[in-house]
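The exercises below concern a single protein chain. Each consists of a task followed by a worked solution.

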Amino acid sequence: MTTVRITAVRKVCHKDLMDLYENPIEHTCDIQEGQVFYSIDGQRPEDMCESAWNSMEYFVKELANGGGNFYDGWMKNPKSAMISCNDGFRPVSFYIEVVDQ
């Protein structure tokens, strides 16, 4: 069993872009900086935002299956990745790392 930890390390809000392009919405992203999720064997954590998961699923599954070293040395830790969700107004950056194999 492989465990991959997914940590929300930064959440940005582009208010200027929201004012220009986004329709007002009542509910936005619930993820908070510092929030941690665990993926077991490459599965989506129960409380993980589906949109965020779609952005990182490939990397989590690769790490869970023993892969890594993405883009020939992109990360200092070859068993990790830094991935942002695809929300252009309030993107969240996630640090993804293998913690148990």
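The model is predicted.

**Exercise 1.** Describe the order of the elements and the overall dimensions of the protein chain.

Solution. Begin with the count: the protein chain contains two helices and four strands. Read from the N terminus, these elements follow the order β-α-β-α-β-β. Next, take the extent of the C-alpha trace, which spans about 45 × 30 × 20 Å along its principal axes. Finally, consider contacts with a separation of 6 or more: 61% of them are accounted for by residues 24 or more positions apart.

**Exercise 2.** Characterise the burial, surface and charges of the protein chain.

Solution. Of the 101 residues, 35% count as buried. The accessible surface comes to about 6400 Å², and carbon and sulfur atoms contribute 47% of it. As for charge, the chain has 9 positive and 16 negative charges, whose mean positions are 5 Å apart.

**Exercise 3.** Examine the backbone and the exposure of Tyr-71 and Asp-72.

Solution. The background is that most residues other than glycine have a negative phi. Tyr-71, although not a glycine, has a positive phi of about 55°. Asp-72 likewise has a positive phi, near 55°. For exposure, the cut-off is over 50% relative accessible area. Tyr-71, at 60% relative accessibility, therefore counts as exposed. Asp-72, at 75%, therefore counts as exposed.

**Exercise 4.** Classify the aromatic pairs that involve Phe-59 with Tyr-58 and with Tyr-71.

Solution. The structure holds six aromatic pairs. In one of them, the rings of Tyr-58 and Phe-59 have centres 5.1 Å apart and planes at 80°; because planes over 60 degrees apart count as edge-to-face, this pair is edge-to-face. Phe-59 also pairs with Tyr-71, at 6.5 Å centre to centre and 55° between the planes, and this pair is tilted. The latter pair links distant parts of the chain, for Phe-59 is in helix 2 and Tyr-71 in the loop between helix 2 and strand 3, twelve residues apart. At 9% relative accessibility, Phe-59 counts as buried, whereas Tyr-71 counts as exposed. To complete the picture, ring pairs link Tyr-58, Phe-59, Phe-70, Tyr-71 and Trp-74 into a cluster.

Terms used. Residues are numbered from 1 along each chain as its sequence is written. This is a predicted model: local features need pLDDT of at least 70, side-chain atom pairs count only at pLDDT 80 or more; totals for chains, interfaces and linings use all residues. Side-chain values use heavy atoms; hydrogens and water are left out. Buried means under 20% relative accessible area, exposed over 50%, partly exposed in between (1.4 Å probe, protein chains only). Contact means heavy atoms within 4.5 Å. Accessible areas come from the Shrake-Rupley method with a 1.4 Å probe; for residues, only the protein chains shown count as cover. Lys and Arg count as positive and Asp and Glu as negative; His and the chain ends are not counted. The place of a charge is taken as NZ of Lys, CZ of Arg, CG of Asp or CD of Glu. Rings of Phe, Tyr and Trp (its six-membered ring) pair if their centres lie within 6.5 Å; planes under 30 degrees apart count as stacked, over 60 as edge-to-face and the rest as tilted.
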